[in-house]
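Here is my note on the model you asked about, written as numbered points. Please keep the structure open while you read.

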Amino acid sequence: MLRLFKRAKGPKPVPEAELARRLTASGYRCACCDTVLDAAYAVRLRPFGWAQPPAQQPDSAIEGTGDVITDHYARRGRDVLVRAHLPIPVRDTDDHVFLGVWANLSTGDFARFRSAQARGDADRLGDLAAWLYARIPASSGPVLNKGVIVPVAGGAMPVFWITDPKHPLHAAQQDGGMAASDIVALYEDLGAGDILSHLRA
Ligand SMILES: [Zn+2]
């Protein structure tokens, strides 16, 4: 009978420092099954409120009309979106994880950004005002929070910084970061649960 009251013995929790290493290592090889992960980039969110977006197309498809998702851009109704990395510092390390998010730009900035991106010199544009077009955390997060798109040289994925202090990730992004175990919990909330078993093995 006593057994009923015994706590189920789960696997031993991975220490924070090791979890942080697994989250940020490029090509981390899972100890139990040899799966290779880039866990820092494992979260790729859909544009907010778009439960069943059309299949992803090459970037040239953005030139057409109607709702479309391409490798780096999207258009939904009147909203034009760019894919971006939202960095979160991993506490007690010099590393970050990068959530794959969407950001809404003005039509003018969207056009300027795409031309500059094609030339590889989008970094010369400086910061562009943008709205975070993703709900983080998935369950309770606000939507359309203010931020900036920071373009990166060489056509690389731009970075999104939250500037709205009311956003739950604002403090973590600006200073201090998040503990590795909290990032793993956020990953789970954002639907990247399939990689967690490897990180926790
Ligand atoms: Zn594994």
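Predicted model: local features only at pLDDT ≥ 70, side-chain atom pairs only at ≥ 80, totals over all residues.

1. Residues are numbered from 1 along each chain as its sequence is written.

2. Helices (H or I, at least four residues) and strands (E, at least two) are DSSP runs, numbered from the N terminus. The axes of helix H1 (residues 16–24) and helix H4 (residues 180–189) come within 8 Å of each other and cross at roughly 50°; these axes are lines fitted to C-alpha atoms over the stretch in contact, with angles running from 0 to 180 degrees between N-to-C directions. H1 is therefore oblique to H4, since angles under 35 degrees count as roughly parallel, over 145 as roughly antiparallel, 65 to 115 as roughly perpendicular and the rest as oblique.

3. On the H1 side the contact (C-beta atoms, placed from the backbone, within 7 Å) is made by Glu16, Leu19, Ala20 and Leu23, and on the H4 side by Ala180, Ser181, Ile183 and Val184. These residues divide into six nonpolar, one polar and one charged, where Ala, Val, Leu, Ile, Met, Phe, Trp, Tyr, Cys and Pro count as nonpolar, Asp, Glu, Lys and Arg as charged, and the others, Gly among them, as polar.

4. Helix H2 (residues 107–119) deserves a look from both sides. Its buried residues (20 or more other C-beta atoms within 10 Å of their own, against 12 or fewer for exposed and in between for partly exposed, with C-beta atoms placed from the backbone) are Phe110, Phe113 and Gln117. Seen down the axis of H2, they fall within an arc of 65° (taken from the directions from the helix axis to the C-beta atoms), so they line one face of the helix. The face turned away from that buried side carries the exposed residues Gly108, Ala111, Ser115, Ala118 and Arg119.

5. Most residues other than glycine have a negative phi, and most peptide bonds are trans.

6. The loop between strand E7 (128–132) and strand E8 (145–150) holds Pro137, and the peptide bond from Ile136 to Pro137 is cis, with omega near -10°. Leu144 lies in the loop between E7 and E8 and has a positive phi of about 55°.

Technical notes
Contact = placed C-beta atoms within 7 Å. Expected span 1.5 Å × (residues − 1).
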